[in-house]
Amino acid sequence: MRSIWNGAISFGLVSIPIKLVNATESHSISFRQIHTEDGGRIRYRKFCELEDREVTQGEIGKGYEDADGSIIPITDEDLSSLPIPTAKTIEIVAFVPADRIDPLQMDAAYYLQASGAPAAKPYTLLREALKRSNKVAIAKFALRGRERLGMLRVVGDAIAMHGLLWPDEVRAPEGVAPDTDVTVRDKELDLADALMDTLGEVDLEDLHDEYREAVEEVIAAKAAGEALPQAPEPAAGGKVLDLMAALENSVRAARESRGEEAGEHAEVKSLPQRKTARAAPKQTGGKKSASTAKKTAAKKTTASAKKSTAKSGQGTKKTASKSTAKKTPAKKTASRKRSA
């Protein structure tokens, strides 16, 4: 891998010569700007506004525009001789637990490569010290025209460095969270937990860029003069009116995608909320007298059914209906006596 920066790690009085190499690479597809009428390339040319002519890359330098509009030329030599210790040094300033670093601060990632045989021993010493302490090193370094913050950690047998944003470069999440009061029920959390458990974990090596693959298919089809691949039908939209139902359907779909049997959905269907909904009509019944009358009628009907067990099924039903019909006037009479 090609190094993008050469310097040293300052670890107290120990200096470790290193090379900085990129730890990541981009696989995104890049496009050129073209003239839509004839397909000609669109190019940007650099002109000097004073001489009104195109200039080469070798004639281009840096300049800082002052408040009054004047330009102050700044050369690479000016920047290389900055009076700061981090100009060519990754200066370790502290060791902290890894969970002290907010992921929002993380920026580009680099590998620190030992530069030459003399760097092998101190490089290994720092690596093993980081391993044993279970901490990360916080460092300051200068790269591409400005001083930066970095975090050093062990990756395999190498030391990696993540560029960090300065704390004042991370915005506070003001106005991002919902500004209305929302109550989340335990049953909804239980279903969310069930969905998380069903989705489970994933091996990040199995994930890939489907958008890039689709773009490559389109490019290949156009180059071969073939029909373009058809986009899948968009999923049906709409507002989620029932959060519980949406969660249940999500759990069911996730289990089906994993090949699990439908019988395993029972624990989602038998939720306490649904039991309460079924039990609700019992709690909103009529008066106690009506309930007592129903229980009495049920007991008498059962007794009548036991006496007529020798008869056929139809006979049992008729006997039960007749006995019930005879007892009805008694109820009405009792009701009249109470009202009197």
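Let me begin with the hairpin formed by β1 and β2 in this predicted model. Two residues lie between the strands, and Gly-12, in the turn, has a positive phi of about 65°. Strand β1 covers residues 3-11 and β2 covers residues 14-22. The two run antiparallel and are joined by eight bridges.

Which other strand pairs with β1? That partner is β7, residues 89-97. Here the pairing is in the parallel sense, over three bridges. Within it, Ser-10 is bridged to Glu-91 of β7. Strand β1 therefore has an antiparallel pairing with β2 and a parallel pairing with β7.

How many cavities of 30 Å³ or more does a search of the whole structure find? The search returns one. The largest cavity holds about 70 Å³ of space.

Which strands contribute to its lining? At least two lining residues come from each of β8 (106-114), β10 (146-155) and β11 (158-164). Among the residues that line the largest cavity are Asp-107, Ala-108 and Tyr-110, together with Arg-146, Arg-148 and Leu-149, and also Gly-163 and Leu-164. Phe-141, Leu-165, Trp-166 and Glu-169 belong to the lining as well.

Conventions:
Residues are numbered from 1 along each chain as its sequence is written. This is a predicted model: local features need pLDDT of at least 70, side-chain atom pairs count only at pLDDT 80 or more; totals for chains, interfaces and linings use all residues. Side-chain values use heavy atoms; hydrogens and water are left out. On a 1 Å grid over the protein atoms alone, a cavity is a set of points where a 1.4 Å probe fits but cannot get out, and a pocket is an open set with protein on both sides within 12 Å along at least five of seven lines; lining residues have an atom within 4 Å of a point. Grid points are joined across faces, edges and corners, and a volume is the space filled by probe spheres set on the points. Helices (H or I, at least four residues) and strands (E, at least two) are DSSP runs, numbered from the N terminus.
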